[in-house]
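Subject: Model handover

Hello,

Here is the structure for you to look at. My notes follow below it.

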Amino acid sequence: MKIPPIALTRLRSVLGDENVLTDEASLLLHAYDCSLSRTRPDALANILREEDVSPVLQILSEYKSPFVPRAAATNHAGACAPLHGGVILNLTSLNKILQINTHEGFAVVQPGVITADLQNALRKLGFFYAPDPASERVCTLGGNLAQNASGARCMKYGGTLDHVLEADAVLPGGEKIHFSRSAAGPDFIGLLAGSEGTLGVITRLKVKILPLVKHVKTFLVTFPSLADSVQTVTDLTACGIIPRCVEAMDQTTLQTVEEFSHAGYPTDAQALLILELDGSPAQIARDAVRLEEICIRNHAQQFIPAKTEAERQKLWLGRRAAYAAIARIAPNVMVGDGTVPRAQLPLALKKVKQLLEEKNIRASLLFHAGDGNFHPHFIFDERNKPDVLRVKRALKEVLQICVDCGGTISGEHGVGVEKRAEMAYQYDKPTLDLFTHIKRAADPLNLANPLKIIPVNYDEKARTAEPLTPEEEELAQQIRARREANLPAGTAEQNKRPNTRAPEMFSTKELNQILDIDLTNYTATAQAGVTLDELHSALKEKNVFCALPAGESTLGGAFSSGGCSYFYAHVLGIKALLPDGSAVRYGGKLMKNAAGYNLTRLFAGAQGTLGIVTELTFKIFASKPDIPKTKTSPARSNALWCAIKKELDPEQLFPALPEEIHD
Amino acid sequence: MTKKFLPTPHETLRALHTPLGERTVYDSAAHCTRCGSCQQTCPSYIFKRQETFSPRGRNQAFRLVLEGKLNPQANKPLLEEILFSCTLCGRCTQTCAGKIPTAEHMLELRRRLQTKMLPGTLHALLSLRQKSPVWFGHTVRLGLLLRRAGLVKIGRTLKLTDLFGLGWINRADELLPRKITRLSRALAQHGCTAPEKPTLIYLPSLEAEFFLPELALSTLKAASKKHRVSVWRNTASGLFEYVYGDLRQSRLAVRRLIIRREREGSLPLLTDSIDVFTFLKRAPQLFAGNKHWEEKARRLAENLVFVTDFLSAPAKKTAPFPTPVRLDYSALFTREEAPFAAAEKILKTHFKKNFVECFYTDADTPAFGYGFVRNNLARAMGLQTVRAVAQTQTPTVFTLSGLAALELNRLFKRFYPNAKAAHVVNLHG
């Protein structure tokens, strides 16, 4: 027993005797989630009230006992396996919907609320919550944020992190903290998204709700090749049509699914897309005509629109039954999760299929074509050790393929322990170091869900860092030089607060290249010193747009200063220099990335306090996007920001945090 | 592993007939991928909100026990609590992609732990039906006579029924109708006699035989339109033994049914209880490994008919039920057998928009005497059903078993008197 008896006694005094369990059976039944990981905890604590979380964490912190927050435990990454033992915090009883405000468009919920329960409550009021993970009938909203879950509607509406407005959390030491999107400063909700309980326990959420979409039109289209189906999605994006769902299957999956569900899918097609449009009837009708044209142009074999609701349900029948169709084949199914830039999807899938054939592994491929996110479903028997090893090895190779194609090892399932080692495929040492610093800042005693996300002993295994551009290298050297001289540093462009400027500021104006405008993925990559006017004119030449206003300020400034918070959701990748002069990279041309802490959100609005942004990759659009008028309150530092700042910049050479300024 | 935990083969099933084919018990348990899709459909999980009392937790516990990773004797109290919390409703199997028969796993665990689920006296009484049907009949009738004489009421007032493990009498007293006619008398009154050259065998359920003779009469009336029906009075189907008792006795009962049916011309077998129906549909798995009897049991299962096969939507004027109506899906092991689809179709045809679809989180009345296993949990689940009925203001709930109708009416009487439950066979009035 790792947890001292006195700690258990104190926990019982807070939660009640019946809610702190240490019997063998209870512990073994909280040792797993939907992955293959299984580790026995030392105790189980049923949390019945939000206000109990803080005292419980204080007690655990006092006795240095690790803990793992757990709700429905439906994740595929082993995020709920207590690797260091410790206490499982069962949050399923925190399942109350506290408020639904249709006037202002939000709902306040506890973390254990089942996603479908919220949807059902909202449906009665004519509203809906956009993220729709496939497991929505069982997964919880707290779990969704912790894993940054998303679903079929992600292409149009985004994942969980884009729909949480406010969050209450308790840091591992027991300190309560409130995060709000309306406050300037780093997007800590974004950082919490996908943190898998390693930074603390989420205790309350305020989520965005939207008026129910009344008109939906669904289409089933078949193609002679995967490349044609992906090109169709690209062409749709190019003409400004964003379907609310773009689900896809390859032929093998198609045949398996049809055999099981008899949904009427044509089994001779190499690829199948299910596309769904929503909006006003006129807009749908307009888009449907263009959709058909695009599909035909891309060699569509069959184009089947659903004329009635019954037909629509029939089109979805096979896709919804896909997991069941695969699950009936063998004792166990391991669901993989990888994402690549959309244009790379055909290549990645081809490589994955080759690999599966070489290894003689049975697997089906389902994918969200709009996001470049695919899920190989490996069929195996977990009682057969060699079989498990073979499948695990194959999954590693699949993830390596994703990374080689410029993708990520997780689009929506998270890292947990199952893909922890593969994080080294994707990230270089400085970036993994930054993840470690973030974790250490929030959880200095390493108690919150320890040993997750960050690979162990990654120094040698980490991916080789890509060389910096000469301008970035020069900037990095300047930072290192000032650090050695113990002089304040920072950039004028990314920190607009004059009284925090160092006497000699760096400039990112040399970083003025627009590196890439990709009309297949619909992304642009530019250095931080590019002015918004320059960016707009370059994009205009290609007839595309971004979600930023015009002006003379720089791209890095617009991103870091906190004035354009709506832009954060459009940023897909970032490169930044830290106060120690090291360069970190996160994301890229990926529509989804659930691997590691979300660094784009950490640097967004950080006002240069944590580092200097040197490069951004962001979404671009075929038509001018609406730029919302957002009202943000002044940035105020919080415990997490302070802790991260202290960890990254102990000498406080970069600009100070807001409340440390004495105007 | 203790000797007690290793039952002889005849005390456990050799294989399970799952919706995805025949599997050994261990194979079946190992098919669970722990995806958790079953959690929210489980009535006891919704109530308890703990993994331990969820279908996934139950399957994992069972698997750990089979693999010898969880000592069943050392953990018996919690394992029994896990068993007690499962109503065997099969909603988890319905949701499960791999169609894991969790209810069957729990029955296997019961057998391995040799757990007595029912109060001892009730168990002894119900066991008598298979062993000595005549004495069982006499005992039940004597009990009903004493009840009619007011002795149960006196016993309850003086709290005597709480003594000697007879607390279940209070519940039974609340459950059963005040006035109960003997089935033989009811049959005679309606001129039902044994026909020559019958074309169908009717096996009345326990409740139809002793407590709800009108259910038996309605079933007979419905079936008589197409068949000459022979009634097998007071005949055990083996279901009670399968769920609560000894597997050997259950096999014996089914074997008797098979022999008698073959002797009487291998006629189709009609039942009024969905629980008996789902059990006999699974009868072949009782004989897994014995090809001869497995084949016979398969033929029995194939020749099983349910009352819904003889029902049609009644003419509008004859329907005596206030609308809207809904269907209670209370059943053992599954909600996916044909009678549910048939009942749904009939009710939808007749009541059209007045048929209320059940929501996936709506609970059903706990099936087959679960109330006698865990009254408090059964009551909580039953109240969820009542709440769902009240929310949709549904005055009529149809069930596919008489026992479920009794359970529901008991709750309605107290918590929502506007509603009544009735067996679907009474649709004709």
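At what angle do helix α1 and helix α3 of chain A pack, and how far apart are their axes? First, a caution: this is a predicted model. The angle is about 175°, and the axes lie 10 Å apart. Helix α1(A) covers residues 5-15, and helix α3(A) covers residues 53-62. Angles over 145 degrees count as roughly antiparallel, so α1(A) is roughly antiparallel to α3(A).

The residues in that contact are as follows. From α1(A) come Ala7(A), Arg10(A), Leu11(A), Val14(A) and Leu15(A). From α3(A) come Pro55(A), Val56(A), Ile59(A), Leu60(A) and Glu62(A). By class, 8 are nonpolar, 2 are charged and none is polar.

Chain B has a helix pair to check as well. Helix α7(B) spans residues 120-131, and helix α8(B) spans residues 133-148. Their axes come within 6 Å and cross at roughly 140°. The two helices are therefore oblique to each other. On the α7(B) side, the contact uses Leu125(B), Leu126(B), Leu128(B), Arg129(B), Gln130(B) and Lys131(B). They meet Pro133(B), Trp135(B), Phe136(B) and Thr139(B) of α8(B). This contact divides into 6 nonpolar, 2 polar and 2 charged residues.

Now the interface. In chain B, 36 residues are in contact with 39 residues of chain A. The area buried between the two chains is about 3100 Å². Carbon and sulfur atoms give 51% of that area.

How many salt bridges are there between chain B and chain A? The count is 4. Take Arg70(A) and Glu51(B): their side chains meet in a salt bridge, at 3.3 Å from N to O.

On the chain B side, the elements giving two or more residues are α1 (25-30), α3 (55-66) and α4 (76-85). Of these, α3(B) gives the most, with 6 residues. By class, the side of chain B that touches chain A has 14 nonpolar, 14 polar and 8 charged residues.

Last, salt bridges over all chains. The count comes to 67. One of them pairs the side chains of Arg601(A) and Asp162(A), at 3.0 Å from N to O. This pair links distant parts of the chain, 439 residues apart. Arg601(A) sits in helix α20(A), residues 599-603. Asp162(A) sits in the loop between α6 (154-157) and β8 (164-170) of chain A.

Best regards

Note on methods. Residues numbered from 1 in each chain as written. Chains lettered and ligands numbered in written order. Predicted model: local features only at pLDDT ≥ 70, side-chain atom pairs only at ≥ 80, totals over all residues. Heavy atoms only, no water. Contact = heavy atoms within 4.5 Å. Buried area = accessible area lost by both parts, 1.4 Å probe. Helix = DSSP H or I, 4+ residues; strand = E, 2+ residues; numbered from the N terminus. Nonpolar A, V, L, I, M, F, W, Y, C, P; charged D, E, K, R; others polar. Axes fitted to C-alpha atoms, helices over the stretch in contact; angles between N-to-C directions. Parallel < 35°, antiparallel > 145°, perpendicular 65-115°, else oblique.
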